[in-house]
Amino acid sequence: MIYKNYPMVSRVVFGRGSFNQLDEILSPKRIGRNAPFIFYVDDVFKGNHWLTSRITLSYKDKIIYVPTKEEPKTSQIDKYVEDIILEYSELPSGIIGIGGGIVMDIAKAVSLMLTNQGESKDYQGWDLIKNPAIYHVGIPTISGTGAEVSRTTILTGPERKLGINSDHTPFDQVILDPELTKGVPKDQWFYTGMDCFVHCVESLNGTFLNAFSQSYGEKAFELCQEIFLRDELTLEEAQDKLMMASWHGGMSIAYSQVGVAHAMSYGLSYLLGIKHGIGNCIVFDHLDEYYPNGVAMFKEMKVKHNIELPQGICAHLEEDQFDTMIDVALSLEPLWENAIGKNWKTKITRQKLLELYKKM
């Protein structure tokens with residue numbers, strides 16, 4: 001048995017108002033006047049003085065507002081990297097991502113591609129990155145994706161939606177400030193929180209499960225139940241706990257994997273551009289065959305929070321469109337192996353996936 005030597009985020013600050021310490025955390029990492037800090041910030045914060053006034057720009061530092069209507073594409077990453085190379089004489093001192101999973105993934109991917117030649121699509125897969133990334137920092141403003149702690153950055157390429165999974169992907173520094181999650185719209189709060197819940201269910205019911213993943217998965221699962229099913233928490237407590245659930249949910253898949261919902265939602269996302277959180281919910285709603293208890297609990301949470309999922313999104317698709325989604329889903333072999341076992345190909349057929357997609 002060969003054991004993976006997994007990297008983790010080496011430094012993390014947690015606490016309400018900890019975002020105020022951004023400047024003192026970054027200052028020692030500045031390489032020089034010509035090596036800027038580049039801040040990728042969710043464009044929902046454009047004009048939001050409460051947040052942006054706390055980002056101190058010096059020398060050639062720059063804020064780039066990132067549109068988050070669509071999931072990040074490899075072409076978008078390549079463009080950001082090219083812009084930096086053309087504009088600056090030196091590599092940046094660091095890349096800082098402030099936002100949800102999309103912005104976290106962009107910050108991770110840009111920091112990797114600044115030190116690895118070629119196009120980002122060539123690195124979609126497992127352990128293809130050769131050189132360490134430049135210094136990169138993650139500051140989540142919504143909780144659930146686990147992107148702040150994971151060793152992947154999920155990108156949609158010309159042929160597939162797949163992460164750059166590598167030991168160099170995790171952030172060097174994360175700032176977990178639950179205050180930054182205030183003002184998240186309720187449906188988005190739910191969908192992203194359910195990403196965390198689904199991480200736990202898929203990890204805890206997977207064939208790759210071990211005590212390491214289980215300890216994180218169980219904690220996150222317990223926190224999700226407390227947040228989404230009980231009425232015992234104040235808003236602040238719920239924000240704090242969901243931020244920790246996201247962290248633990250992300251850690252629960254470090255030594256294991258996700259499963260059926262993630263594999264199939266990648267297909268939806270690739271073809272229809274459906275965002276990851278809501279895509280997971282749409283798929284998970286139909287997976288009682290694989291995760292009966294988790295799906296029953298999910299349906300209970302949905303009712304409790306008055307969440308209506310989009311219906312009939314696959315109703316008017318052509319055969320070739322279903323084929324595209326099925327191809328994307330089936331290409332994620334480690335996810336299927338975790339969900340079903342080594343002989344998954346005998347159980348997960350194209351016909352089976354077609355039937356499931358048609359329900360959506």
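## Two packed helices

Axes are lines fitted to C-alpha atoms, for helices over the stretch in contact, and angles between them run from 0 to 180 degrees between N-to-C directions. In this predicted model, helix 6, which covers residues 211-229, packs with helix 7, which covers residues 235-252, at an angle of about 150 degrees, and their axes are 8 Å apart. Angles over 145 degrees count as roughly antiparallel, and helix 6 and helix 7 are therefore roughly antiparallel to each other. The crossing of these two helices, helix 6 and helix 7, is left-handed.

The residues of helix 6 that make the contact include Phe212, Tyr216, Ala220, Leu223 and Ile227, while those of helix 7 include Ala238, Leu242, Ala245, His248 and Met251. Sorted by class, the contact of helix 6 with helix 7 has twelve nonpolar residues, together with five polar and three charged ones.

## Leu204 and its surroundings

Leu204 belongs to helix 5, which covers residues 186-204. If its neighbours within four places in sequence are left aside, Leu204 is in contact with Leu209, Gln214, Gly217, Glu218 and Phe221. What separates Leu204 and Ala339 in sequence and in space? Leu204 and Ala339 are 135 residues apart in sequence, and from C-alpha to C-alpha they are 9.9 Å apart in space.

## A span listed in UniProt

In an unreviewed entry, UniProt lists residues 10-178 as "domain: Alcohol dehydrogenase iron-type/glycerol dehydrogenase GldA". In the model, the end C-alpha atoms of residues 10-178 lie 20 Å apart, and this span is 21% helix and 24% strand.

Technical notes:
Residues numbered from 1 in each chain as written. Predicted model: local features only at pLDDT ≥ 70, side-chain atom pairs only at ≥ 80, totals over all residues. Heavy atoms only, no water. Helix = DSSP H or I, 4+ residues; strand = E, 2+ residues; numbered from the N terminus. Parallel < 35°, antiparallel > 145°, perpendicular 65-115°, else oblique. Left-handed = near helix turned anticlockwise from the far one by under 90°. Contact = heavy atoms within 4.5 Å. Nonpolar A, V, L, I, M, F, W, Y, C, P; charged D, E, K, R; others polar. UniProt positions renumbered as here; feature names shortened; annotations may be inferred.
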